[in-house]
Every structure is written in C-alpha cells, then in structure tokens.
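The sequence and the structure come first, and the text follows.

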There are 2 protein chains.
Amino acid sequence: MVSTKSLVAATANGTRTSSLSSSDLVLNLSLGDPMMFEPFWKKMSDKYNVTIGGGDLMSYFSDGNNVCWFLEPELGAAIRRLHGVVGNAVTDDRYIVVGTGSSQLFQALLYAFTTPGGSEPVSVVSSAPYYSAYAEVVSFLRSELYKWEGDAYKFNKKGAYIEVVNSPNNPDGTLREAVVKNRTGNGNGKLIYDFAYSWPQFTAITGAADYDNMLFTISKCTGHAGSRIGWALVKDKDIAKKMTEYITISSIGVSKESQFRAAKIIEVVCNGIQNVGPVKSENFFEYARNILSKRWQKLRETIQNSEHLILSKYPQQHCLFSGKLTETLSAYAWLESKDDTQDCNEFLRGLKIIGKSGKICGAHQKFARINLMCREEEFNQFIERLSATRGKGIINGH
Amino acid sequence: MVSTKSLVAATANGTRTSSLSSSDLVLNLSLGDPMMFEPFWKKMSDKYNVTIGGGDLMSYFSDGNNVCWFLEPELGAAIRRLHGVVGNAVTDDRYIVVGTGSSQLFQALLYAFTTPGGSEPVSVVSSAPYYSAYAEVVSFLRSELYKWEGDAYKFNKKGAYIEVVNSPNNPDGTLREAVVKNRTGNGNGKLIYDFAYSWPQFTAITGAADYDNMLFTISKCTGHAGSRIGWALVKDKDIAKKMTEYITISSIGVSKESQFRAAKIIEVVCNGIQNVGPVKSENFFEYARNILSKRWQKLRETIQNSEHLILSKYPQQHCLFSGKLTETLSAYAWLESKDDTQDCNEFLRGLKIIGKSGKICGAHQKFARINLMCREEEFNQFIERLSATRGKGIINGH
C-alpha cells in the first residue's frame, strides 16, 4: 500500500504545491490529478454550470426499475451518447453501473466474479508495469475472495483468475491486450478492461471496444476527478446485479449531485463535438490533445540529450474520431534511468520532484511515473528542473 | 445479506411505489429513505440552491494540509457549527473525516482498528436488535481482519473486539450504551458510536456526546440521502489517518459536489435556528419533529386496539435544544406481533406492506421494522392498510 500511504503522507505534510513560487518547493507529480483540463472548463464556467435546488435529488433512489437503481437516468443517457459520439465503446446490450470513481467499480467487479466464494481466493493479475492501486485494492482488506498475484506475464496457475487489462496502460502508456489466456492457454479467466485513458486526447480511437466488462471514469475523460464518477459497461445482467449489490453494501449508492453534474459536463462535450446545443463550444478532446501534445514535445526535447533519462516512443494509428494519424500521448511520462542501477524516483527527489516509483507498479526501480496532466505551472517547473540537470552530472538522492 | 438483496430485488422488480394510485400496489417501507423531509426543502428550493461552475471542484484535493485531504474546508466548518448549534456532540480536539455516507466511515473505522492485521479476525458486535447493514458490511468481503459475531449481549470472548453503539437505535428506537465492557468487564474493546439518529427531530438532546469515534450522516439529519455524505468525529490522529487511507484506497475521496451542497444545506439549517442570514427560514428540526410527532400519534391510535400488533413506549427527557420535555420519536416503527408464533413481516405482506424482518436484525421474526420517514402519501396508505385489519382477524401470509 505504498502509493496511497505516500499520497496521504505527501498531502498531509503539505508538500503538494498548487502554486509554485520557489524552486525550493517540492513538486509532487506522483498522483494523477488531471488539472490540465481545468482551464477549458474555467474559461466558460458560467455557461457550463449546474444548479441544484434544496429539495432536489434527496432520495437514495434514482430509478427503481433499473438494475442499477441509483444511476441517474440522465447520466446513463449521457454516457451512451458520449460513447456513440467518440466511438470508443459499444453500449448496446450493456448495463451501465455507476460508481464512486472507477476504483469502486473495479472492486464491485472483483466481488461480482468471486461470490459466492470458493475454498481458495481467486488470483488477480495485471501485466507489469501495472497501476499500483490494483494491488492495494485487492489486498487491503485481506479478503478470502480474491488475492493479488502481480504480473500477468509471470502467472501460470491453472484454474480461475481475473486479469485487468488497462489500455492505454497506466503507468507506461502502452496499448494492451489480455496476456494470460494468450500465453498459457488458461481459458478460466475473467477479464476487466480498464479504459480510463481510452479517450481521443490520449490515444487513437481505432474502433468501438466490445468486451464484457469495461470501466471508464470522468476523472480522465473530462478532468472532473473531484466528482468521483466512474461507470462500467457490463454485458451480463447477473454481473451488473452483483456489482450493484457491492455498491449498495459499501456506500448505498453514488452521489446524486456528482451524477447530475457529470451528465451536464458530458452533454457539453458532446454538443461541442457535434456543434449543437445553445452554447457554442470547442471540441474538448481536440483542445486537450493539443495541450498534451505540446507537453510531450517539450518533454522529448528536454530529455533527448539527457545523460540520465530515456523515454520510449509510442505507435501512431489512424484515429476514427479525428480522422488523422495519431500517436498515443500518455497521461504519464514513464521515465527510465539510463543507468540500470539508478533508482529513478530517488534521482527525481534530488531535483525536488516526487514521482511514483516503478517498484510499486511491479517494475524496476529504474522507472518512475510522472503526471503530465498537472497544472501548466507545475509542468513548466518540471521541465525547468529536468533541464537544469543537462550536462551537470547531477548526483542522485542516495 | 438478505436486506440488501431484498432491496435490490424489490427495486429491480419495480415494486417500490413513489406515488400510490391503487391499494393493490405493494407499499415498500423496508428501507430508510427519508422522503418525509422533502417538502421542507422543496418549499423554498430556489433559495436553498447551489450552483457549481464547469471548472469548479475538479481536483482530487480539497485541503492538502488536512489529515482528511479530501474534506472540503467549508463542509468541515459547517459540521462544527452544526454540532455547536444543536449541542449533540463535542467537536473540539476532533478530526473530521468525511465519507460516502456513514456506511463507508463505519468500514473505515473497522480498517483503522484492525490494521496491521493480527492472526485472528477481530470480533465485531452490536446489541440486538441491530442495524442489519452492520452484519452485511462486516461479512461481505470475507475479510481476515474482522468478523461479525452478532449480538453484543451474547458476546463473551476475551481479547479484542469492536462494539457498535447506535443511539437512538435503528431499528427499535431505544437509547443505547456500550454493552460488552459493562457486562463482561472485557476492557479490550474499541467503540464506534453511530449517531445517525441523534438529532432533535428524533430524540431529546441531553448533552454533547464526547466519545472517541462518532459517526453522523446528512441522510437522517436533513434528509439528503442521495448526497451520500457522512462524517466521523475522531479523537485520535492515527485513527483519522487510517480512515483517510481506507477512503483513499476504496474510492479516492468523496464527491466534492455533495460536500459543497451539504455545507450549504447545513448552513441553512443553522441560520434557521439562529435566525440569521439572508433568507428567513423555519427551524428545520422543529418542522421535522412536528411531522414525525403527528405520524407517531396516528400510528399509536391505529394500533392501540389492534388484535395483531403492539408498539413499545419511549422515554421522555428534557431536551437542551428545544428546552422542552421530549420523547424519542423513532425514525422507524418497530412492530411486534401479539402472537409470538406470528412472522410479523409475513403478516404485513398480507397487507401488501414490505417491512424489514426482525430476523435480519438479530431479533425474533415476530418483529418488523417500518420506515416512518417515508412520503406523506405512503404513510397514509400504511395507516389505511393497518386500520383495515382491525377486528377482521386477518390471516397472515403463511
């Protein structure tokens, strides 16, 4: 549980810097706070606002006739429209389950796949480097239902397992497919597709994903991380029911205010793309890709002559959404030390930059993850500190 | 997990009736949906509204310097003011941890009390009849950290345990104190005080509770169940940190929109009581007590000559909030069959009324819980159906 502990410690110690006034301040880029998107929404904030009356949204219930009885119908409709407009996932013949972020939905799927519980915990794997929260979430309550087994490439047990496929992958931005079945022939796996970053600002949309269990989150789609809204597209009714049961027991539903606002935000995004609606607005995904593209360009320029760090290249593909040849622009820089013995995160600490160590993502310590979705001033400070190391042979933090 | 399953089943089958047009419709009063409070908020809805701009509340963070880094500072201040105005709990020297409802905070406390985990799961108990969700929440993931052991009156193991004290108690409205320590002398217990119903509409406020770990929820305080906002007042910093860690792992914080709105709603309640602020408004708790008082009177009149059912009496105490002698007005009717062999919930089903069976609350099946915080039309329909049984010797549902 290192990542969450470091998160809590970093924030409780006040080391997070929202406005950087001094190069002495520690720059915490270890988390995925998507503040890059804020200027888009601030610019026309008053046109995109929502108003909630004192007597609105008071009941536990949103739609008693829906399997997911706490899903606001407007949000369900907005989600179906969004996937239709973007073309990244099939929503036909799918149940939508809403969650307090996609983290809760991941746990709901684990529960849905493993109850009633067998005599042995079901193995949960994801190919390394993996999103460190998977390991935390699976392990933190010491459940007898499931057990974290780490890297899908190393897993070779017979019998039931659950594999999480995250594409584009957090932390390293690679495009992923299921590993265990293809490698070992073990066909007893349940698959969870985590598509948090499968949006046009991050990657080419090459077709509508059509898997049984797909997770999405508003946090990385539009940048509204504080709303804690995620959704699952689920093919099997019984799985959707079990997921709903999980969320009922763990939190008796999901904030209605956040659902209401998320529906509005998604409507604005779709209107902007389709050029309809009362308010004329930009294409959000183009706007976001444009910023991220500039950041990647600046980062590559900064690192190309670095004595310390390497960045890998990403593929280009034809994007059906933009109609262009498009490369993956990962939400994170997955930095690799040139020297295999170097702890990349320690090296960054010497520059007063906090990243997430590759170690807790099931990878080597020569890797570290840096949030590129941070605020503009934080990104510029990051580049400035990296630039300062060029040719100076900086000593790492050991 | 019967209660949640029946919840999901009841709603998914469309048997929940928000507007009753026919006496044939099933009247589902098994849940604690607090719609009784809606008219107060609807009446002046536009004065109590909140507006959230498209670019507001986007970050995961609310206050990086706070132990609970996802707590909106305005909500923290509103909570402290509310307890000060009502006089029901001490907030000095307490950390506030916000949760997605108090259910999530209950789980956060279990985690805080039991990690790092010992070789044996810690026993969790509550005196019967208890809120059935305690049993569900403790058991549903088969955690090795803690284990549900049921009725605190029957618990007599040595060593560590956790006791939940719910006062006034859901389901039966009684005032509660800790049981295990007083009965067995076992002083190795951690106590969780669930004060969901410790508000002036439900009970006399006899002093400011000063326990180490106290849980509250906006759901029963003001009726905003859909917001999923609960809070804990916690004395020990390390416990508050661990709870924060739990919520970080399970849902990466709590909806900012709901927190923002809850702060506003609480402000309105306090302004109404203190007669300050721009909008003149009624004393919410007086309003709510008045409705609940009329419902109890009507219910007692209906049941007093019943051949089938009994209702127990509640004590009167001097309320420091209202300055009056005040009896407990439970949020639920805890109905008891006169005939010990009768299944009370089955009897109610014969009247097309769904309650919660005493059985899943650790009590006898001759008891059933009925939500008295329902909508006015639902309450009237409930009374009408009960009245129809008088002198008719209705046969129960077996």
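A:Arg94 counts as buried because its relative accessibility is 4%; buried means under 20% relative accessible area, exposed over 50% and partly exposed in between, with a 1.4 Å probe and protein chains only. The residue A:Arg94 sits in the loop between α3 (73-86) and β3 (95-100) of chain A. Helices (H or I, at least four residues) and strands (E, at least two) are DSSP runs numbered from the N terminus. With neighbours within four places in sequence left aside, A:Arg94 is in contact with A:Arg80, A:Asp210, A:Tyr211, A:Met214, A:Leu233, A:Val234 and A:Lys235, where contact means heavy atoms within 4.5 Å.

In this predicted model, local features need pLDDT of at least 70 and side-chain atom pairs count only at pLDDT 80 or more, while totals for chains, interfaces and linings use all residues; side-chain values use heavy atoms, with hydrogens and water left out. Residues are numbered from 1 along each chain as its sequence is written, and chains are lettered from A and ligands numbered from 1 in the order in which they are written.

Helix α5 (residues 132-139) of chain A is largely enclosed by the rest of the structure, because seven of its eight residues are buried. Among them are A:Tyr134 and A:Glu136.

The largest nonpolar core has 244 residues, and A:Phe382 and B:Phe382 have the most contacts inside it. Such a core is a set of buried Ala, Val, Leu, Ile, Met, Phe, Trp, Tyr and Cys residues joined through side-chain atoms within 4.5 Å. Residues up to four places away in sequence not counted, B:Phe382 touches B:Leu27, B:Leu29, B:Leu299, B:Leu335, B:Ile353, B:Ile370 and B:Leu372.

Chain B also has an open sheet of four strands in the order β10-β13-β16-β15, with antiparallel pairing. Two strands pair if DSSP finds at least two bridges between them. β10 and β15 of chain B stand at the edges with a single partner strand each, so one side of each has no neighbour in the sheet. Helix α10 (residues 284-303) of chain B packs on this sheet, touching β10 and β13 of chain B.

| Strand | Residues |
|---|---|
| β10 (chain B) | 309-310 |
| β13 (chain B) | 332-337 |
| β15 (chain B) | 356-357 |
| β16 (chain B) | 367-371 |

Technical notes
Axes are lines fitted to C-alpha atoms, for helices over the stretch in contact, and angles run from 0 to 180 degrees between N-to-C directions.
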